[in-house]
Amino acid sequence: MITIHHLGVSQSDRVVWLMEELDLPYELKWYDRGEDFLSPPEYRALHPAGTAPIITDGDLVLAESTAIVEYISQRYGDGKLSVEPSHPDYPHYLYWMQFNNNLQSALFIKLAVQSCGVEPGPDNVMWTTTLRREEGIYRALEQRLGESEYLGGPQFSCADIMSMFNLTSLGMLGARVIDDSLPNTKAYVERVSARPAYQKAMSIAGPQATRPDA
Ligand SMILES: N[C@@H](CCC(=O)N[C@@H](CS)C(=O)NCC(=O)O)C(=O)O
């Protein structure tokens, strides 16, 4: 059985969501963040990268949520939440599977610029380039959701599972809040949030959830 090593208030909630969507059995092991809001030593000991999510499946220890989600979807979910390479929407699926890392890179560069005491203004090329990139990512998102009900095509897929954390929870780190300035995205977030598997997963492992033994 797959064990999800869940770090509290983290994007490992998307793996719980995937398992609930696929109705697959799993064990959840909960780790609290330290006072520095980082993962505790016992979490970092699981995998050299030490980032959440991490799963174990027999001898396999796998990190990086894009890899984890596609691995579970293909190996245990018959690929029904993935898009096949022969499908016309496959390139879109691939693109939106990367949205998570794309958007988070921009956010972390912004946070880095802000934290080094340099004025984040128009003369700071890192700042202006990152803002331009970030704006482009949201523009692409809004455009895609004006053309397609879901990111990977007309059907809900792993690309949606990969993206929701960024649209619902990343605001706590300063990411753009999804409001009326992004109407297609706002409607999409409402649509996807209503899914029973999403609601169940968030109640188990979402940002407001507490560890079961607490
Ligand atoms: N691209 C990675 C990002 C992983 C990541 O940054 N995880 C955060 C939690 S949301 C983390 O591990 N933070 C705690 C730490 O770095 O100590 C993925 O999708 O798995």
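Two strands pair if DSSP finds at least two bridges between them. The model used throughout is predicted.

**Exercise 1.** Determine how strands β3 and β4 run relative to each other and how many bridges join them, and then describe the turn between them.

*Solution.* Start with the two strands, β3 covering residues 54-57 and β4 covering residues 60-63, which are joined by four bridges and run antiparallel.

**Exercise 2.** Classify the arrangement of helices α7 and α8 from their crossing angle, and list the residues that make their contact.

*Solution.* The axes of α7 (residues 158-168) and α8 (residues 183-193) come within 11 Å and cross at roughly 115°. Angles of 65 to 115 degrees count as roughly perpendicular, and α7 and α8 are therefore roughly perpendicular to each other. The crossing of α7 and α8 is left-handed. On the α7 side the contact is made by Asp160, Met164, Leu167 and Thr168, and on the α8 side by Thr185, Val189 and Val192. Sorted by class, this contact has four nonpolar, two polar and one charged residues.

**Exercise 3.** Describe the composition of the shell around the ligand by residue class.

*Solution.* First collect the residues that surround the ligand, among them Leu7, Ser10, Gln11, Thr51, Pro53, Glu64 and Asn100. Then sort the complete shell by class, which gives four nonpolar, seven polar and one charged residues.

Methods. Residues are numbered from 1 along each chain as its sequence is written. This is a predicted model: local features need pLDDT of at least 70, side-chain atom pairs count only at pLDDT 80 or more; totals for chains, interfaces and linings use all residues. A residue is near a molecule or strand if its C-beta atom, placed from the backbone, lies within 6 Å of it. Ala, Val, Leu, Ile, Met, Phe, Trp, Tyr, Cys and Pro count as nonpolar, Asp, Glu, Lys and Arg as charged, and the others, Gly among them, as polar. Axes are lines fitted to C-alpha atoms, for helices over the stretch in contact, and angles run from 0 to 180 degrees between N-to-C directions. Angles under 35 degrees count as roughly parallel, over 145 as roughly antiparallel, 65 to 115 as roughly perpendicular and the rest as oblique. A crossing is left-handed if the near helix is turned anticlockwise from the far one by less than a right angle, and right-handed if clockwise. Two residues are in contact if their C-beta atoms, placed from the backbone, lie within 7 Å.
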